[in-house]
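Let's walk through this structure together, one region at a time. Have the sequence and the 3D view open as you read.

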Amino acid sequence: MLTKLTVLRNKIDEVDKSLLALLAKRLELVAEIGELKSQHGLPIYIPEREISMLALRRQEAKSLGISPDLIEDVLRRLMRESYVHENKKGFKTLNPLLRPIVIVGGQGKMGSLFRKMLLLSGYQVRIFDKDDWERAKDLLHDAGMVIISVPIYLTEKIISQLPVLPSDCILVDLASIKKRPLQAMLAVHSGPVLGIHPMFGPDSGSLAKQLVIWCDGRYPESYQWFLKQIQVWGARLHHTSAIEHDQNMAFIQALRHFTTFAYGLHLSEEDVNLDQLLALSSPIYRLELVMVGRLFAQDPQLYADIIMASENNLALIKRYYERFGKAISLLEEEDKQGFIKNFKRIERWFGDYAANFLLESRSMLSSANDNR
């Protein structure tokens, strides 16, 4: 039995080597595609191409008796790697006549990411850091674009201290709140103004499929090329007003980060054994614990700023606290029927999303289990 097992394992090893050779060949082809996309200004992520390719591969896998989900998982991981490889080929410069771009806070993580992407796109980029205020006029006098990439609590102050910019200079901020930074930029600069919010961390290997939210400030015709440049990097764009942005971010960021903070606070004060929690956890709990722990590996100033950015955030969190208390009262009263009634009401509110999220979460949970 051991001899047969060894023979079969050796055959698997040979197949694996063949797979590695095929993967290397695929990445070579991706590099060639990256060259073409760079030359012609095509985005590295084209949703329609990905959807049709995956659908075809799933059909082919099914005809071969292979799980379509397996093939899709493999291909999605390959595509993610491919997007990173395409980054290395650079991108077409959509506005070659643009004067230098100055990134205020360009030594920071997000500022550094945008600097890298702009350099890959052929633009001249200058860094303006905290020790450069004495030569601010020299750095900014001929700027074609100024990007503000500083902590939230400093954003409005930094904007208000900017010297007079060229009238056609595009002033952009990257803050995760939009109304107040936009108002500050409009007050200090008479030229084009744009607010964008990258909905991803600066450690992203590629901008492919990443979401960038943008809000109009002034003279939108002046910065359409920049939005297209971001799309060439592979990002998805979503346009909204600054007010709608901040209202939705209260749920997407402020409330979520606060509840994560509170849960982490509770775990730490209960002084639970994390090793035991992980050893006994289901995939879904492990994933939840990973997302909680992830928060505390990052900058506390950033999350304090996001949560405390608006009085509206506090009001929302207080309403959440009140509803949490109502939910506890169901337990105190041992009101199982009341719990079920509320559960079904919430299920109706989610509608089809509930069933869709159930399906979507399966691959996430499988991945979490694979990483154990």
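Asp-271 is exposed, with a relative accessible area of 63%; here exposed means over 50% relative accessible area, buried means under 20%, and partly exposed is in between (1.4 Å probe, protein chains only). You will find Asp-271 in the loop between H9 and helix H10 (274-280). Its backbone deserves a look too: Asp-271 is not a glycine, yet its phi is positive, at about 55 degrees. Lys-209 also has a positive phi without being a glycine, with a value near 75 degrees. Lys-209 sits in the loop between S5 and S6 and is partly exposed, with a relative accessible area of 30%.

A word on what you are viewing. This is a predicted model, in which local features need pLDDT of at least 70 and side-chain atom pairs count only at pLDDT 80 or more, while totals for chains, interfaces and linings use all residues. Residues are numbered from 1 along each chain as its sequence is written, and side-chain values use heavy atoms, with hydrogens and water left out.

Now the overall picture. The protein has 15 helices and seven strands; helices (H or I, at least four residues) and strands (E, at least two) are DSSP runs, numbered from the N terminus. The C-alpha trace spans about 80 × 65 × 35 Å along its principal axes. Of the 372 residues, 35% count as buried. Among contacts (heavy atoms within 4.5 Å) with a separation of 6 or more, 68% are between residues 24 or more positions apart.

Let's move to helix H6 (residues 152-160). Which of its residues are buried? They are Ile-152, Thr-155, Ile-158 and Ile-159. These residues cover an arc of only 95 degrees around the axis, so they are on the same side of H6; the arc is that of the directions from the helix axis to the C-beta atoms. An α-helix has 3.6 residues a turn, so residues three or four places apart point the same way. The buried residues of H6 pack against strand S1 (101-104), strand S3 (145-148), helix H7 (179-188) and helix H12 (300-307).

Helix H7 has its own buried residues: Pro-181, Leu-182, Ala-184 and Met-185. Their arc of only 160 degrees around the axis puts them on the same side of H7. The elements covering them include H6, strand S4 (170-173), S5, S6 and H9.

In the loop between S4 and H7 lies Ser-176. Ser-176 is buried, with a relative accessible area of 8%. Leaving aside residues up to four places away in sequence, Ser-176 touches Ile-152, His-197, His-245, Met-249, Gln-253 and Ile-306. Another serine to find is Ser-206, in the loop between strand S5 (193-198) and strand S6 (211-218). Ser-206 is buried, with a relative accessible area of 8%. Its C-alpha atom is separated by 9.5 Å from that of Met-117, 89 residues apart along the chain.

Next come two helices that meet. Two packed helices are described by the angle between their axes and the distance between the axes. The axes of helix H9 (residues 242-270) and helix H13 (residues 311-332) come within 10 Å and cross at roughly 60 degrees. Axes are lines fitted to C-alpha atoms, for helices over the stretch in contact, and angles run from 0 to 180 degrees between N-to-C directions. That angle makes H9 oblique to H13, given that under 35 degrees counts as roughly parallel, over 145 as roughly antiparallel, 65 to 115 as roughly perpendicular and the rest as oblique. On the H9 side the contact is made by Ala-250, Phe-251, Ala-254, Leu-255, Phe-258 and Thr-259, and on the H13 side by Asn-313, Leu-316, Ile-317 and Tyr-320.

Finally, the aromatic rings. The structure holds twelve aromatic pairs: rings of Phe, Tyr and Trp (its six-membered ring) pair if their centres lie within 6.5 Å, and planes under 30 degrees apart count as stacked, over 60 as edge-to-face and the rest as tilted. One of these is the edge-to-face pair of Phe-114 and Trp-233, 6.0 Å centre to centre with 75 degrees between the planes. Phe-114 lies in helix H4 (residues 109-120) and Trp-233 in the loop between helix H8 (224-232) and strand S7 (236-239), so the pair ties together parts that are 119 residues apart in sequence. Both Phe-114 and Trp-233 are buried. Ring pairs also link Phe-114, Tyr-123, Trp-225, Phe-226 and Trp-233 into a cluster.
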